[in-house]
Amino acid sequence: MNLNFKTSLKAFLLAFLSSILLVLSAYGQSGTTTNVRGTVTDISGEPIIGANILLEGTSTGTITDYDGNFTIQAPANGSLHFSYIGYKTQTIAINNRTSIMVVLEEDTELLSELVVIGYGSVKKDDATGSVTAIKPDNINKGLVTNAQDMLSGKVAGVNVVSGGGTPGGGSTIRIRGGSSLSASNDPLIVIDGLAMDNDGIKGVANPLTMVNPNDIETFTVLKDASATAIYGSRASNGVIIITTKKGTAGSKPKVTYEGNMSLSNVKNTIDVLSADQFRSYVKDLYTGVNEEAVSNLGNANTDWQKQIYRLAASTDHNISILGGLKNMPYRASVGFTRQNGILRTSNFNRATGSVNLSPSLFNDHLKMNLNAKGMYVTNRFADTGAIGSAAAMDPTQPVMSDNPVHKNLFGGYFQWYTTTEKDGIQQQNYNTLAVKNPVAMLMLKDDSSVAKTFTGSTDIDYRFHFLPELRAHLGLGLDLSDGQQDLYIDKANSDSHPHGREGWETVFKTNKSLNYYMQYINNIGDMHNFDVMAGYEWQHFYREGNNYYIGLDGYLPQEREWKSENYLVSFFGRFNYNLANKYLFTATVRNDGSSRFASEHRWGIFPSFAFAWKVSEEGFMKSQRLFSDLKLRLGYGITGQQNISQGDYPYIPVYSENKDGAYYPIGDEFQSTFRPDAYNKSLKWEETTTYNAGIDFGFLNNRITGAVDYYLRETNDLINVIEIPAGTNFKNRVVSNIGSMTNTGIEFSINGDAISTKNFTWNLGYNVTFNRNKITKLTAGDRDNYVVETGGISSGTGNHAQAHAVGFPASSFYVYEQIYDNNGKPIEGLFVDRNGDGTINDDDKYFFHNPVADVLMGLSSRLSYKHVDLSFTMRASLGNYVYNDVASRSANVGIGGIWSTSGFFSNKPVSAFDTNFRGLTNYYFSDYYVQDASFLRMDNITLGYNFTHLAPATLSNARIYFSVQNPFVWTKYKGLDPEVWGGIDNDIYPRPMTTLVGLSLSF
């Protein structure tokens, strides 16, 4: 059976590759031709199947067969070019020969490729944990503003969901699902050895904005606990290590330019009634019933969604210089990004600079790596509430109005207002219940920010002269950020009418880090290799901020100042053992201390163990020719969690400022009041235990490589906010270690060079992830049917459409089961009585799907023929559901839903007339609005042309490319976009379609 499989696989590949070569073949040399035969083998004499043979100077070629043999017609005075993945290429002159025997040598640099892991690196072939390393795709990258965009769809088990189309916006990153309910689920980000603060920067939506994507050399994703436990408490949600580019010792200076210009436009808008349709419906609904409503119809024809969106032009320019003196590699870069959003008034501007020096002294015994990065960002944030208002605003009304009330009170913008009489004088005020003019919301509000960051890291590595096997490593890191966000809201803006509002908020943060470790690496004969490392780490996070807001007329001044800090202190160690280059063992341990817990719970020990077996190195594998690489991996480890959202002092009683408006009069001034917060001295580490089993494989001399992993993640002592008996604390809810949760999944990834010839290459990459999340405990005792509601929705007051409960995934939808008529239409307010008690109440709600996908897939392809390349990246998400809040809140098309008794119109989506709900019941709790949001998205399509051969000799690389980003999404979801993190679709900034032209030059 195995023989048949191997034979058929290789026969298919040979036939496919040969057919492509025949299509492309053309003789480019003249002279006498001869029939050249030969064999290509490796140094052990094994035939190489599918090796490429090209007649130099032409596209004529062939490939070797199952026995390594080849035949080609070639000029007697020509030369043949031999190549294969993982081997050094050779060019051999024919010299009138008819028979040529070729031996290809392995490319040892490829075999010993290093992968960055925690506090060091390891040969990829020797990694025991679940580790994936990728290089950014410089060919098909589209519009990449932030680092996380380069990971989307590229790594199995990694889910990257952007927050929408906000310029410079952030993304939610999850590695193997979330392991916490109220604590952070974000992975640890390490940039050039410095563990970053995930809290972000004031005035910047995305903390990874500080890293210019053009400066990134590699991403390394650590997924299982055996790989992440060395980072201890910070790594319970995985680790993403970012390594930036460096120079090369002794190389000449090389200058590189990367730039692009792009245009973005909104792809879809909500299909709502046009002005004529709305007028017709209002007249049919209210004529003879409510003539006041009919009389308030306008004469305009306004497409409000067109009014708030625009065609947005953006630019990005980056220049770098790298090289190296004899012992001093260097690299420096600057970048300028200007990104305008498709929502009017939104924009993002960034300037970045970075310097890297990597001196090597004392015959390479002392090596240093010095990094400095700076960023200056300005942002203007558009009011995204305008998106919902544009869909609901009366299309018969104009954007601007000549009405004296509108001119005097609202800056000439149309707004719904009320008229009251006081002391015989009529007064007009904005109708606070009405739909707001979306254009006014954007144009009469300026929410802008300025942020500055500096990140510096120093790595000093000394290999002792008297004992070269022993090295000492010192790492120092500093991250400073200072951000200020300024707000100005005009008095005419309905949000703050009639007082207006202005003010500012600043946040200053520091992240200081020190780590020191010693490492001993030695071999005993050819059988035993030891790598022992032990170290210490200290990290301090400090944050302070203040704000001040006041009405333009002095109304309601508000001022607040705060400071906070926390520490992490750690001791760690790692032991690697390699037996005969076949059996690998890794053990790590980290002892973490966090200032966020009381002294009796402050320290946590997090161990991990991993074993790998290089099956392909065994003697019994030498005779087979199917697998070029085969490795089995097993891993176990525990990681901790202390990055909670309840502040830095949850275990001690502290006082916090009350909410805005809670003031106490002292003399002529109103002073803020403070209240004691709930605290829990017993709060301790949340712990996640991970089991992992994996297989790494390679076929055809690693021309095809891949991996399969199975994992089980169990989180215990789950940190969550729970209700407590009244009078037992300062609040009725407190953060506690209550509950447990599991994530189980399978990951598969495969990458291959389907075609690799001199002029034509085709690279493919595919990954798929299956993940299932389930809560296994949620309370201290055994409470049946206990749920914690979450996922707020617009309809009603304080309503939720999701809940946590034992036996179900976190944030599952918690709704009523809808009943339908004979035509398949939902019947308003008619739900299934699931418990059969004759009454519909909360006891009849049930758990119906969840917002997290069961299956994630990514596919990337890159074709290159001579100077032309064509690439694309696709993603798929299956089994994710979304609550369509936009449709739910707009479903009432009855008399009370179009014209409000408080005096304003609301437009409706066309889809609302599929249900014809009249707003008489709590229809918004129906599972009808929980919709399948599975999708297939084309992220990027890029067509490029390399014109280096046409450029002056001073240009070592010259390429122009055209890219389309987000051209299409296939989905059943009835809303604008199925990709909604958290599962509640409520006015997200739409993802635009972007067309881009770019230029790459190297001198």
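Which residues make the nonpolar surface patch of about 490 Å²? The patch is formed by Val255, Ile319, Ile321, Val334, Phe336 and Phe1003. Strand 18 (312-324) and strand 19 (329-340) are the elements that give two or more residues to this patch. Ile321 lies in strand 18 and is partly exposed, its relative accessible area being 34%.

Buried means under 20% relative accessible area, exposed over 50%, and partly exposed in between (1.4 Å probe, protein chains only).

The model is predicted: local features need pLDDT of at least 70 and side-chain atom pairs pLDDT 80 or more, while totals for chains, interfaces and linings use all residues. Residues are numbered from 1 along each chain as its sequence is written, and side-chain values use heavy atoms, without hydrogens and water.

The chain contains eleven helices and 58 strands (DSSP runs of H or I, at least four residues, and of E, at least two). Its radius of gyration, taken over C-alpha atoms, is 32 Å, close to the 30 Å that the globule rule (2.2 Å times the number of residues to the power 0.38) gives for 1003 residues, so the chain is as compact as a globular protein of that length.

| Property of the chain | Value |
|---|---|
| Box filled by C-alpha atoms, along the principal axes | roughly 110 × 70 × 65 Å |
| Buried residues, of 1003 residues | 53% |
| Accessible surface (Shrake-Rupley method, 1.4 Å probe) | about 43500 Å² |

Terms used:
Patch = residues over 30% accessible without salt bridge, like charges linked within 9 Å, V, L, I, M, F, W, Y side chains within 5 Å. Salt bridge = Lys/Arg side-chain N within 4 Å of Asp/Glu carboxyl O.
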